[in-house]
Amino acid sequence: MSVSITMIGTGSAFANAYNNNNAIIEVDGYRLLVDCGITAPSALHKLDIAFGDLDAVLISHTHADHVGGLEELAFQMKFVHQRTPVLYIPAPLRDPLWEHTLKGGLVQGALQSLDDFFEVRELTVGEPAELAPGLVIEPIRTEHIEGRLSYSFLINEQFFYSADMIFNPGLLQQLVDERGVRHIFHDCQLTAPGTVHACLDELLTLPAHIQSIIRLMHYGDTMPEYVGRTGPMSFVEQGKTYDI
Ligand SMILES: O=c1ccn([C@@H]2O[C@@H]3COP(=O)(O)O[C@H]3[C@H]2O)c(=O)[nH]1
Ligand SMILES: [Zn+2]
Ligand SMILES: [Zn+2]
């Protein structure tokens, strides 16, 4: 069963030349949207993909470049398509997503909870869950912003998707050398210091065999200036589909 990933956006939160760093993971026609930022609706439209073509959405954390498009998704699916989209979410993130992010825009009349807009499927952190045949996802708690919840994802035991995280060489070493991870898509802040994201200088300190399986995402508008300066790593191209 072949699994692919298409980054509908590869940009950092402040990028203008790239859409928000959100992805579609596809296996046998099943399409999972990973994060749904402010630009996701237009990014999907440019790829001729409608919200109705998606099977589910998975959320890593509640920054707007990762959840800012969920209100439109919720309203469109409810009031245009009369459908309830499936929302996969690491369990501890469920309440903050509603209380701190979505409630303000979605609450109206009898519609008072996340369940009024989504079929919520909570994921247990640290446990693999089969979302569809051939698509097993394990949320891993990673550090991004002090005091805020954020998760990376291990997919089919072989693909690690960082979402937003600070540099954690020990975790990457463990994933590759002990758990057999073969592909990594990692956020990459092009300039130091990496206070809330792994930065390029830090990622370049990884062992070569780990760098060789890393593709860099969630980058700023100056990315072209860094092509050829990323060692064995390479930048993910926005809109390109990769087998993982
Ligand atoms: O303590 C903080 C909190 C936030 N920020 C910026 O806001 C952005 C929010 O989206 P992001 O997580 O993709 O990237 C973050 C950073 O660019 C920061 O630099 N330091
Ligand atoms: Zn981000
Ligand atoms: Zn973030």
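Phe-160 stands opposite Ile-184 in β11. The model is predicted, so local features need pLDDT of at least 70 and side-chain atom pairs count only at pLDDT 80 or more, while totals for chains, interfaces and linings use all residues. Residues are numbered from 1 along each chain as its sequence is written.

Helices (H or I, at least four residues) and strands (E, at least two) are DSSP runs, numbered from the N terminus. Two strands pair if DSSP finds at least two bridges between them. Strand β10 (residues 159-161) runs parallel to β11, joined by 3 bridges. On β11, Ile-184 also stands opposite Ile-214 in β12; strand β12 (residues 214-217) pairs with β11 over 4 bridges, again in the parallel sense. Because 4 of the 5 residues of β11 (residues 183-187) are buried, this strand is largely enclosed by the rest of the structure. Buried means under 20% relative accessible area, exposed over 50%, and partly exposed in between (1.4 Å probe, protein chains only).

Some backbone details lie in loops. Most residues other than glycine have a negative phi, and most peptide bonds are trans. Asp-35, not a glycine, has a positive phi of about 70°. Asp-35 lies in the loop between β3 (30-34) and α1 (40-46), and at 0% relative accessibility it counts as buried. Asn-156 also has a positive phi, near 50°, and sits in the loop between β9 (151-155) and β10. With 22% relative accessibility, Asn-156 counts as partly exposed. A cis peptide bond, with omega about 0°, joins Ala-192 and Pro-193; Pro-193 is in the loop between β11 and α6 (200-203).

Definitions and conventions. Chains lettered and ligands numbered in written order. Heavy atoms only, no water.
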